[in-house]
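The report below considers an annotated site, a helix and a surface patch in turn. Please read it alongside the model.

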Amino acid sequence: MSRRQDVLAGHLSANPAQNDAVAPFPTSARAHRQLPRFDATLMERYMDPSHLLKEEVYAVFREHPELLVKELEALSKEEHRELVRRCLRALLASGQSPLTLLASDPRRYFYLGELMSLVDLSLTVKMGVQYSLWGGSVLNLGSEEHRRRYFDAIDRFDLPGCFAMTELRHGSNVAALQTEAVLDVETDEWVIHTPDDGALKWWIGNAAEDGLAATVFARLKVPAASGRRELDDHGVHAFVVPLRTAPGRLAPGVDIQDCGYKVGLNGVDNGAIRFTHVRVPRGALLDRFASVDRAGRYSSPMPSAAKRFAATLGELTGGRVGLTAGSLGVLKGGLTIAIRYSAQRQQFGPGGAAPEVAVLDYPSQQLRLLPALATAYALTFAKDALVDKYVEMKRTRDEALTADVHSLSAGLKAYTTGFTAATLSVCRECCGGHGYAAVNRLGALRSDHDIFQTFEGDNTVLLQQVAGLLLKEYRDSFRGSPLAASWSYLRAALGDALPANPLLAHDTTPRHLRDPRFLISALRHRTARMLHTVAARLRKHTRRHGAFKAWNRCLLHLLDLARAHIESVALESMYAGVQRCNDPDCRSSLKALADLFALSRIHADILFRNDDYLSPEKAKAVKRMVESLCGELRGVAVALVDAFGIPDHILRAPIGLASAQHDPYGEYLAATGWET
Ligand SMILES: Cc1cc2nc3c(=O)[nH]c(=O)nc-3n(C[C@H](O)[C@H](O)[C@H](O)COP(=O)(O)OP(=O)(O)OC[C@H]3O[C@@H](n4cnc5c(N)ncnc54)[C@H](O)[C@@H]3O)c2cc1C
């Protein structure tokens with residue numbers, strides 16, 4: 001035995017599972033109740049009523065296996081971009097019309113984005129740019145005339161386009177953008193101009209190679225109403241501007257540079273754009289919220305510039321809903337790979353004739369993967385509820401619902417993408433060394449997905465918008481205004497923002513700990529308490545330091561508040577989903593997942609102890625219950641990821657395939673070039 005093996009052997013014998021010769025299974029101290037087995041197909045149908053679309057679009061890739069490359073990161077950016085174009089064209093040729101879906105059946109549109117995320121995230125993002133952003137801006141910010149002119153060509157990808165908002169110097173602070181659109185009243189044209197390098201449009205998807213046109217966000221300037229020589233600056237508005245006169249040929253006054261290789265998503269052609277006095281007709285202004293007449297007079301149906309700006313950005317919520325769905329697709333893929341692999345990967349055992357233990361039997365592995373699985377389910381229910389609200393908002397144009405969807409889409413996008421990014425690293429670690437092989441995809445998924453936390457609203461900035469809206473609702477609640485649907489729980493909870501009653505704070509019985517009424521009210525209590533205290537802190541600091549400084553003094557508290565709110569909303573969506581499920585076996589697993597989601601959040605947040613909402617014994621009981629639920633769910637964990645219904649030809653990671661459950665290493669050996 002070499003010295004290295006010797007040291008290793010010494011280390012191994014200290015492993016409690018190895019030493020526990022009497023009862024090696026389960027590997028945790030307690031035996032767990034077993035959840036009833038359920039039919040994974042039934043669960044899939046329950047979770048995913050649109051599975052027919054899944055079969056339809058995944059069939060395209062079964063018929064064209066050449067579109068499914070194993071190691072996308074080995075392609076040059078040019079090869080990868082070409083592959084993405086071919087995938088998109090194959091989808092369109094199969095009869096999909098993404099922009100039509102976005103306009104008339106958003107549920108299916110968002111689902112399509114989620115489905116494409118495991119084909120190739122570059123494809124999801126390319127489609128997001130083309131349809132949610134470029135198409136969405138024309139649809140939602142333009143008039144009927146704009147829609148008539150561009151809709152079909154965008155849908156067919158005959159008019160690839162961009163959403164050119166971000167500049168070199170400003171991303172999150174959209175109001176500070178510097179690109180100009182000045183009206184030349186004599187020629188009745190806008191002059192689009194980049195005043196300095198800080199205003200170069202940067203990171204613009206579809207710009208480097210394909211984009212023929214773009215929705216450009218620029219400061220609208222018209223001759224001053226007073227008739228003086230200077231211009232009135234009405235702030236940032238959206239304009240349709242041609243970028244190329246034909247593929248490969250830039251329009252006059254337009255310069256574009258490729259943003260080059262990125263950390264991921266190299267199948268998307270991001271570019272930087274300079275405009276030098278580019279002239280477009282006055283009708284190029286997307287004029288749903290503001291228009292300018294032939295004489296150069298500006299008017300807007302909105303009561304204030306701030307409201308107009310908010311309405312303009314608010315119309316772009318569809319992109320965030322799409323990113324939430326795409327991020328969930330990746331989360332489900334990562335968990336499918338890690339959980340299936342962990343269920344068949346064996347390391348160590350009690351010795352003798354007993355087999356080695358599957359790594360998923362170790363409580364440490366369970367604690368890393370199963371609360372994450374519970375979260376994936378909770379966020380799926382929350383996303384479905386958001387999509388329903390989005391559909392309803394589009395139908396009714398109700399103002400309160402619009403505010404609700406705006407805030408929920410911002411919060412869920414931030415929470416989901418942050419959670420997925422963190423969980424992909426956990427999944428990689430849980431697969432050990434083989435998780436690091438490119439062919440097993442976790443690395444590429446992690447790199448490609450990472451930027452979901454930043455684009456279409458940086459997560460830290462988005463969470464602040466959620467906190468801001470919560471505070472507004474809080475203030476309104478004192479004025480007796482009705483609360484929007486997602487916040488309505490706060491009215492009851494605000495009265496309950498004081499420490500819990502001592503009897504409840506000490507109840508450690510399993511029945512109580514797994515009672516949805518307790519779990520929902522615990523998360524509600526936390527949000528209400530945070531809201532109450534941060535509102536008081538803000539009031540105090542604002543008097544002394546002014547609003548901007550006061551906000552930033554409370555910033556961490558505000559971010560916690562927004563996350564707490566999203567967790568409350570997700571839990572309530574999930575319990576509603578548990579109740580709707582008719583199959584008792586599926587329902588038992590869903591209920592266990594919901595309980596685990598809630599209890600793991602309570603366990604992780606010291607506020608519940610600081611607040612005496614939980615006594616010390618109850619906090620320990622919560623921890624034990626989290627571990628116990630992980631043990632219970634272990635038996636159905638593989639079925640729960642099978643129910644995500646990701647076909648092997650789409651998942652492609654050899655260690656995570658359904659077929660690898662019968663032959664753990666066969667696919668992997670074949671993928672790495674070994675004959676078996
Ligand atoms: C691959 C890729 C594709 C993209 N595609 C497009 C596209 O097609 N069209 C487009 O217009 N843009 C696009 N973008 C740009 C993207 O939308 C911006 O990067 C994003 O909005 C963030 O802006 P920023 O980069 O200026 O970051 P910044 O706002 O400068 O953020 C930097 C850091 O500061 C923090 N921060 C900023 N403000 C605050 C605050 N108030 N409080 C606390 N912290 C704060 C952020 O959390 C972050 O950590 C893309 C970017 C990438 C990388």
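## The annotated site

Gly-205 has a relative accessibility of 9% and therefore counts as buried, where buried means under 20% relative accessible area, exposed over 50% and partly exposed in between, with a 1.4 Å probe and protein chains only. This glycine lies in the loop between strand E4 (201-204) and strand E5 (213-223), strands being DSSP runs (E) of at least two residues and helices runs (H or I) of at least four, numbered from the N terminus. Leaving aside neighbours within four places in sequence, Gly-205 is in contact with residues including Val-129, Cys-162 and Asp-269, contact meaning heavy atoms within 4.5 Å.

The unreviewed UniProt entry annotates Thr-166 and Gly-205 as "binding site", and such annotations may be inferred rather than shown by experiment. Although spread over 40 residues of sequence, they cluster in space, with a largest C-alpha distance of 10.6 Å. Thr-166, at 27% relative accessibility, is partly exposed and sits in the loop between strand E1 (161-164) and strand E2 (180-184).

## Basis of the model

This is a predicted model, in which local features need pLDDT of at least 70 and side-chain atom pairs count only at pLDDT 80 or more, while totals for chains, interfaces and linings use all residues. Residues are numbered from 1 along each chain as its sequence is written, and side-chain values use heavy atoms, with hydrogens and water left out.

## Helix H11

Helix H11 (residues 317-344) has 28 residues, of which 27 are buried, and reaches 41 Å from its first C-alpha to its last, close to the expected 40 Å, a span defined as 1.5 Å times one less than the number of residues.
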